[in-house]
Amino acid sequence: MTSDPIFWLSCSLILMAVSLTAVLIAAIPVLQEIARAARSADKLFNTLHKEFPPTLHSIRLTGLEITELTDEIDSGVKSASDVVKQVDNRLNQTQTQIKNVQTQSRRLLRGFQVGWKTWSRSSSRTPEKDQF
């Protein structure tokens with residue numbers, strides 16, 4: 001009986017059936033988890049399909065607004081820089097005018113001093129001439 005090919009064939013078939021049954025029994029929980037993961041992925045993809053385009057649109061708008069604000073800040077900084085340059089130029093002009101006024105004032109004061117000294121000398125000499 002140990003050499004009967006039908007016996008060995010049927011033993012092989014029985015062992016194959018038992019092995020296949022064991023593999024299927026072990027695969028059922030795995031297949032259930034794969035099905036759950038597929039349903040979760042489907043829900044996620046539906047949510048992304050609904051939410052992603054508006055989010056991208058909002059991000060684009062935000063980028064445009066940031067660009068506009070950056071341009072406004074750049075123009076504000078440029079105009080502030082222009083104002084500072086104008087103020088600096090006016091200060092330099094004012095300093096130059098103040099130096100000119102100081103110089104003219106010194107000259108005027110010096111002129112008055114020389115005039116006063118000259119007048120004082122001529123006043124003091126005049127009575128002496130009259131006495132002689």
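Glutamate 51 is found in helix 1, where helices (H or I, at least four residues) are DSSP runs that are numbered from the N terminus. This is a predicted model, in which local features need pLDDT of at least 70 and side-chain atom pairs count only at pLDDT 80 or more, while totals for chains, interfaces and linings use all residues. Residues are numbered from 1 along each chain as its sequence is written, and side-chain values use heavy atoms, with hydrogens and water left out.

- From C-alpha to C-alpha, glutamate 51 and lysine 99 are 71 Å apart in space, and in sequence they are 48 residues apart.
- Glycine 63 also has its place in helix 1, and its relative accessible area of 32% makes this residue partly exposed.
- Between glycine 63 and lysine 78, which are 15 residues apart along the chain, the C-alpha atoms are separated by 22 Å.

**Salt bridges**

- The structure holds two salt bridges, a salt bridge being a side-chain nitrogen of Lys or Arg within 4 Å of a carboxyl oxygen of Asp or Glu.
- One of them joins glutamate 33 to arginine 36, with the closest N and O atoms 2.4 Å apart; both residues lie in helix 1, three residues apart, which is about one turn of the helix.
- Glutamate 33 is partly exposed at a relative accessible area of 45%, and arginine 36 is partly exposed at 44%.
- Lysine 78 forms a salt bridge with aspartate 82, and here the closest N and O atoms are 3.8 Å apart; these two residues lie in helix 1 and are four residues apart, about one turn of the helix.
- Lysine 78 counts as exposed because its relative accessibility is 54%, whereas aspartate 82, at 34%, counts as partly exposed.

**Aromatic pairs**

- A pair of aromatic rings is described by the distance of the centres and the angle of the planes.
- Rings of Phe, Tyr and Trp (its six-membered ring) pair if their centres lie within 6.5 Å, and planes under 30 degrees apart count as stacked, over 60 as edge-to-face and the rest as tilted.
- By this rule the count comes to two aromatic pairs.
- Phenylalanine 7 and tryptophan 8 form an edge-to-face pair, with 5.3 Å from centre to centre and 70 degrees between the planes.
- Phenylalanine 7 counts as partly exposed at 31% relative accessibility, and tryptophan 8 counts as partly exposed at 47%.
- The rings of tryptophan 116 and tryptophan 119 have centres 5.3 Å apart and planes at 40 degrees, so this pair is tilted.
- Because tryptophan 116 and tryptophan 119 are three residues apart in helix 1, about one helical turn separates them, and both tryptophan 116 and tryptophan 119 are exposed.

**Surface patches**

- Patches are made of residues with over 30% relative accessible area and no salt bridge, with like charges joined within 9 Å and nonpolar side chains (Val, Leu, Ile, Met, Phe, Trp, Tyr) joined within 5 Å.
- The accessible areas come from the Shrake-Rupley method with a 1.4 Å probe, and for residues only the protein chains shown count as cover.
- Leu44, Phe45, Leu48, Phe52, Leu56 and Ile59 make a nonpolar surface patch of about 590 Å².
- Leucine 48, one of these residues, lies in helix 1 (residues 5-131) and is partly exposed, with a relative accessible area of 41%.
- A patch of negative charge on the surface gathers Glu65, Glu68, Asp71, Glu72 and Asp74; Lys and Arg count as positive and Asp and Glu as negative, while His and the chain ends are not counted.
- The place of a charge is taken as NZ of Lys, CZ of Arg, CG of Asp or CD of Glu.
- Aspartate 74 has its place in helix 1 and is partly exposed, with a relative accessible area of 47%.

Terms used:
Buried means under 20% relative accessible area, exposed over 50%, partly exposed in between (1.4 Å probe, protein chains only).
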